[in-house]
Amino acid sequence: MISSSSAPLARYTALARLLVRHRRSDLLSGMGLDGFPRDDDAPEGDEALAERFAADLEELGPTFIKVGQLLSTRFDLLPPAYTTALARLQDDAEPADFESLREVVEAELGGRIGDLYGSFDREPLAAASLGQVHRATLRNGREVVVKVQRPGVREQAREDMETLARLAGLADRHTDTGRRFGFEQLLAEFRRSLSGELDYRREARNLRRFRELTADYDLLVVPAPVEELSTSRVLTMDRIDGRKVTDVGPLGLLDLDTRPMVEQLFGCYLDAMLRHGFLHADPHPGNMLVTDDDRLALLDLGMVTNVSPRLRDQVTKLLLALGDGDGDEAAAVLAALGHPLQDFDAAAFRADVGQLVSEATSAGSDVQAGSALVQLSQVSGRHGLRPPAEMSMVGKALLNLDQVTLHLDPTFDPAAAVRDSLVSLLRSGLSVSAAGVMSAALEAKEFTANLPRRGNRILEALSEGELSIRVHAVDEERLHTVLHRVANRLTFGIVIAATVIGAAMMMRVPTEHRVLGYPAVAMVFFVFAVLSGGGLIAWVLLTDRRVARERRQDPG
């Protein structure tokens, strides 16, 4: 009993310390509100505080490491110093005991490791907070790697998310910051992403899907999952040997023909995102290998999200506006995509977006699509416009792609690659599927079938003088209530003031009846004024609090 109740309490205590420690930091402060230029190499925000915040999240365990990594994509919420520090969060961990992992594998796959695999290395290739990877071979000699989820990590993540959900609900209901940022909605996004990473069946589906999308690219390779040896906690896939992209130095690059490699990589990711809606949100250099046969291997597809057709179209429009230097169109697309807060300033937003797009256009080939989208997300957040979470993830993915391609081929021009890819994307977007044609035909049939009947109803109502148009404007009942309350308060205030003035004037009236040396009548009026004033103040406070509570419960 003690241990079951002390664990959540310890979590609340650790989170309370985190909030107290960073309550005065610039974590949620405005970004660049003074308008003065900053050094590009110095991220806005206190870097020391940002690194401390990232380290504190790391100490809280795997759930909070993943939350920090997801927060690193929200350029509209956090200053750049924090997104930079959180992006560097290390997911390394001490290897788990092999016997505990053996139990997970055998329980999930329903057999002994010695019967399931030809060989299985006890020492892991890599160990992270959620799971670790072991080298193995199948019974037929096929070389694979096995990703095994740590025991208890799913239950710990569930408890942590419940704790965060309670705190987010309290913040949204009782603080202005919570109502502005919508912590419950943010947490729902984090929950979906974390649950996806904890379900290895989803990662297996992502591997299969990405293999289909890269089938036409001979220089890209994605490991194939082994279906019969994969479950929600165990993932078996092909082993691909090679060097991390970041481990290939300038001398090693001289032996590689990297231009076709990066062209295929960039084109494949843009096609996957903007045509098929498949977004690998974390294509950083550590997730890519240069294989022994001079191909590029794409690994770790746990953090994947789907991009809706509407968002794909809007991102395509945004990239076209950036390429054409059309700041007004870019601002219009962002405004249509985002959710404006109460303090959203449309005019200032358009001006800043126009300035940013102009600077990007003047930079020419030096501008990177990912960097531009990240800066647009920052401008949106600064002016009270919340873009969809997928929008920031697209920017982060393109930013990581820029880093990979520039490391492999410093002369590669990402902006030109985006323009070339958009042409083919737009051409393919003009084609219509058979299902789309059938859906449009059914809608047209329904429209033409109902049009005569609806038209007759409108004309009959018009001819008989019964046509009415309902307009939702000012809430007259609420306005009347507010005016009535104001009038009552003014009246009571005037009566109390008149009583005080009358009592003061009666102080000079000679009388034999006195209280504390003052005329009794004047003292009676003074007491009445004091009690009435106190009652008026209490009434005002209670009614205002009740009205505010009802308005929060019913925003409409």
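Surface patches are made of residues with over 30% relative accessible area and no salt bridge, like charges being joined within 9 Å and nonpolar side chains (Val, Leu, Ile, Met, Phe, Trp, Tyr) within 5 Å. In this predicted model, local features need pLDDT of at least 70 and side-chain atom pairs count only at pLDDT 80 or more, whereas totals for chains, interfaces and linings use all residues. Residues are numbered from 1 along each chain as its sequence is written, and side-chain values use heavy atoms, with hydrogens and water left out.

Asp-255, Asp-257, Asp-292 and Asp-294 form a negative surface patch, where Asp and Glu count as negative, Lys and Arg as positive, and His and the chain ends are not counted; the place of a charge is taken as NZ of Lys, CZ of Arg, CG of Asp or CD of Glu. Asp-255 is located in the loop between helix H11 (250-254) and helix H12 (258-274), helices (H or I, at least four residues) and strands (E, at least two) being DSSP runs numbered from the N terminus.

The structure holds 19 salt bridges, each defined as a side-chain nitrogen of Lys or Arg within 4 Å of a carboxyl oxygen of Asp or Glu. In one of them, the closest N and O atoms of Arg-208 and Glu-227 are 2.6 Å apart; because Arg-208 belongs to helix H10 and Glu-227 to the loop between strand S4 (220-221) and strand S5 (234-238), the pair ties together parts that are 19 residues apart in sequence. Salt bridges that share partners also join Glu-99, Arg-102, Glu-106 and Arg-122 into one network. Another salt bridge pairs Asp-56 with Arg-52, with the closest N and O atoms 3.5 Å apart, and both residues lie in helix H2 (residues 47-59), four residues apart.

Technical notes:
Areas by Shrake-Rupley, 256 points an atom, 1.4 Å probe, with all protein chains shown as cover.
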